[in-house]
Structure formats: C-alpha cells, structure tokens
Amino acid sequence: MFQVPRGTRDFTPEEMQKRRYLEHTMATTFTSFGYGEIQTPTFENQELFTAKSGESIINELYAFNDKGGRALALRPELTAPVIRCYVERLQMEPKPLKLYYFGNCYRYDRPQKGRYREFQQAGCELIGTDTHEATAELLALAYTILKNTGLKDIHLNIGNLTIISAIFRKLHLLKDDQKMILPLIDKSQFDDLQIALRDCNVSEEMITTFLDVLQTSDITKIRAFIGDDAEANTELSSLETILDLLRDAFHIPDYVIKLSIVRGLDYYKGLVFEIDAPALGAEKQLCGGGSYDLISLFGGTAVPTSGFAIGFDRTLLALEEEGFQFPTPKLDVFVIPVNPTMNNTVIQITQKLRSLGISADFDQLRRGIGKSLKYADAKHAEKVIIVGPKELENNTVTIRNMKTGAQEVVTLNDIYTKLQKS
RNA sequence: GCCCGAAUAGUGUAGCCUGGUAACAUAUGGGACUGUGGAUCCUCUGUGCCGGGUUCAAAUCCCGGUUCGGGCCCCA
C-alpha cells in the first residue's frame, strides 16, 4: 500500500469545502482592503532563500538540482518570492503597492499538529509606505482577516525591535550577550533570563525593571526606562500614534504591547507583531509580521516595506478547535424517478434546472424512493422532485421540501418558477 | 536532529497485560417493504502499518523501519 509522504496530506471533498470557505473569506477581506492577488512559482533559485536567511537554512529546505544543474528549492515561505517579483517587474507600480497571496510552502521539519512539510500560507506585503496610518492598517488587516474567518479567541501582540535594541544599549549588553539572551526573551523564559543577565553583570535593580518593562503594556513605563535615547523615543512615539489609530479609528482595542516579541530573523526592523490562538497549544502562532527591508538586499531601490504571513492550516485547526460551524455543501434539488421509464423526463428536468444555475442531480442507481430520499438527505439536498407515472398522466411532479417534509404537486412548466423563487 | 506514546474493516472502537476461531457500532453496495419508508428488517463485501525474530501457534511477546500524536530543537 502507498501512503502520502511524511508531513503531507490529502484533502477530501469535505475538507476542501472548509479550506475553500476559509480561502474565500480571507481573499474577500484582502480585496476589501485594496489588496491585489499575486502568485509566484512553487520553486525558486536556492540563492533567493539563502540570501535572505543564510546558508544554514538549506537544512530545512527541499533543495535539489534540476537536469540543467540549476540549484533550486521549493519555497519555504512567500515573502522572498513576492519581493523578488516586485524587484524584477513591479518597481514602477504606483505606491503604495498592496499585494496578497495564498500558496503552498515546503519545509523539512518534524511534523506535528499544525505543522506539516507541505503547508499553506496566506499573507500580504505592503510596499512603499510606512506612515502611521499605513502601519495601523496593516495591523488592523491581520486582525480583521482572522476575526472575519469566524475565530473568536485571538491575541494580537505588538513589539518593536528598535525599542528593544535601545533597551539593550541601556543595559550595556555586549553583542554576544544579546545573542544569548534574545532566545530567552522570545520564549518568555524570564527565570532563565534573570540568571543570564546576572552573568552579564547587569545590576539587580536594572534586571527587575527590565523584566517589568518586557512584560508591560504601559508606554509610560517603557518611556521612563529608555530615558533620553533619541531613536527609541521617536520610535516609541510612532508606536503610540499607531496604537491610537488602531484603537480609535480602526476600533481594534484588544491588542497587547509585548516587547518580548523579537522574531527569528535579521531583516525585520522596527515594528513586529504576532497573533496567537490559545486553542492550539504548542503550535499556536497563527500570524507573524512586521516591517522589514529585503528590497535592497535583492538589488532594488529601497522603499519601506511591511507585511505578514498567516498559517492557513493552523487557522483552520483553530476554527475546528473552537467548534466553528463551517457551511455545508448543499444541493438545491435531487430528482427521483419512481422507475427507470421516467429517466428521460428526469434528465430533462435536471438539465433545465442546471441551466438556470440551480444545482441539481438525479438518481443514477435505480433505487427505490426510500433509498433515494436517504441519499438526497446525505447530500444535503434542499428539495426533492419525485417523478412518477401517476403525476405524469397530468403533466405534474411532486416537490418535497427536505427540511419541512411538506410536499406539493406542481405542473411540469411551473417547476422552474417555483424553484427559482425560493 | 533528540525524548516519549500510539497504530485493529471507509470511520469510531473492543480484544493485547496472561499468545490459541478477530469482534461490536456505524458507513458503503444489494434486497424486502408494490409511490413517501430521509424508516425498519435481511444480506454481501471489507480489518491486524511494514519487515524480521521467538513459538506447535503471534493482533497479542521481542527487534528494526514507517507514519501519526505529545514534548524539545527550529520556526524564514
């Protein structure tokens, strides 16, 4: 027996129904915010990803050489391909340029729940603006997309790398020490962090205040800590303005300032954010993003960029965990011939309904009415048309409403007006 | 890449400890009910993840692999 490769999945019609629903609601929200869809190849030159994230990521790439000896890789994410495309052919588009995407990505990782080797990402890039209102809108978009899918419990956490760097300066931490404590901050392991800071000769008083600042949402506390650092003060004022807009203009009040968000990569600068779904446990992060600079790295003219990526599969899992009722696939009409001599009429009725945009199907197994009703029920048919000799003598059929069980006899000509109204 | 657990009809499970006829529910196909039964009843089909070992005998015990889950690493 064959089975799917490790970390990959088949999607049944039932699962595809959910995935298409989710994709549709997300795409609708993106377009309502003025974004246009973009699609890039499933594989790219390996260099694109190593340039962005360093050689070490080859271990987690599906990388291969093609028959011409070109070093290629299945894409592990979509930001680099989209920015590559921008640099290659979209630089002269009017700004701001708003791009969104859906796409399968591939990473050689140990699979577990919410983590697959082939997975889908949804996301967007905002190119050519970093005004407060643009940044606030990006945060609002990320939050709104997830809310619009029907998710109830999500947490938006906002951090800032410029501010955290200023704090490090304040603590007089060496570069190597910073590297060591960053992962501890990212994982919110504050006990270990405290010990590590003592080893770096940071005073007890500073450690206490620092830990407090990392966990606070109070901007005044943060401002007090960074003191007269000009760059950090500017950034903090910007953050304050952005958050005011998010709360008062976009009406999204439930965010949390979390300076401990550092994210795992070097090209982010300034604002970073994450959205979690507590329902998911270990792999609970649904969305991550921020402002970054990749364009100059890829040889384009530097303009401000920001964006985020959403874990599509995790979002779906979170909805399932919350018991979300997905729309069920339905059939408008199922047509049942009482015996096979009715087939000709039954097919004509079915075809006419289909041509009117009404989804319709008919019994193709020559089963009795009972079994056919059961099948119609399993397929969530709304109405059933029963075609039998008794009715046909008077050029009529029986229409049964599957929800109420109510039946009425209708002439052949009236079927279509009758069904179109409802 | 590391530690731990699991794997039995399409689906959900029992049996495993203590080796001895693979079971139950549900779903699917067929039939009865002579056109209303989205019922009921009857019935066919379909199952031990893979490979080795121990044994007269392995779903059961042992070893290796695979896959899935839980926790790490990582998370662009």
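Q: What makes Glu88 and Arg84 about one helical turn apart?
A: Glu88 and Arg84 are four residues apart in helix α3 (residues 79-90), which means that about one helical turn separates them; a helix here is a DSSP run of H or I with at least four residues, numbered from the N terminus. The model is predicted, with local features needing pLDDT of at least 70 and side-chain atom pairs pLDDT 80 or more, while totals for chains, interfaces and linings use all residues. Residues are numbered from 1 along each chain as its sequence is written, chains are lettered from A and ligands numbered from 1 in the order written, and side-chain values use heavy atoms, without hydrogens and water.

Q: Why is the pair Glu88 and Arg84 called a salt bridge?
A: A salt bridge requires a side-chain nitrogen of Lys or Arg within 4 Å of a carboxyl oxygen of Asp or Glu. The closest N and O atoms of Glu88 and Arg84 are 3.0 Å apart, so the pair qualifies.

Q: Why is Glu88 called exposed, and what is Arg84 called?
A: Buried means under 20% relative accessible area, exposed over 50%, and partly exposed in between, with a 1.4 Å probe and protein chains only. Glu88 has 57% relative accessibility and therefore counts as exposed, whereas Arg84, at 21%, counts as partly exposed.

Q: What does the salt bridge between Arg169 and Asp229 tie together?
A: The closest N and O atoms of Arg169 and Asp229 are 3.0 Å apart. Arg169 lies in helix α5 (residues 161-171) and Asp229 in the loop between α9 (219-226) and α10 (230-248), so the pair ties together parts that are 60 residues apart in sequence. Arg169 is partly exposed at 40% relative accessibility, while Asp229, at 18%, counts as buried.

Q: How do you know that Lys284 and Asp276 form a salt bridge?
A: Their closest N and O atoms are 3.9 Å apart, which is within the 4 Å limit, so the pair counts. Lys284 is partly exposed at 36% relative accessibility, and Asp276 is buried at 8%.

Q: What makes the contact of Arg110 with RNA strand B a polar contact?
A: A polar contact is a pair of N or O atoms within 3.5 Å; within protein, one must be able to donate a hydrogen and the other to accept it, and residues adjacent in sequence count only if both atoms are side-chain atoms. A polar side-chain atom of Arg110 lies 2.8 Å from a base oxygen of RNA strand B, so the contact meets the distance limit.

Methods. Helix = DSSP H or I, 4+ residues; strand = E, 2+ residues; numbered from the N terminus.
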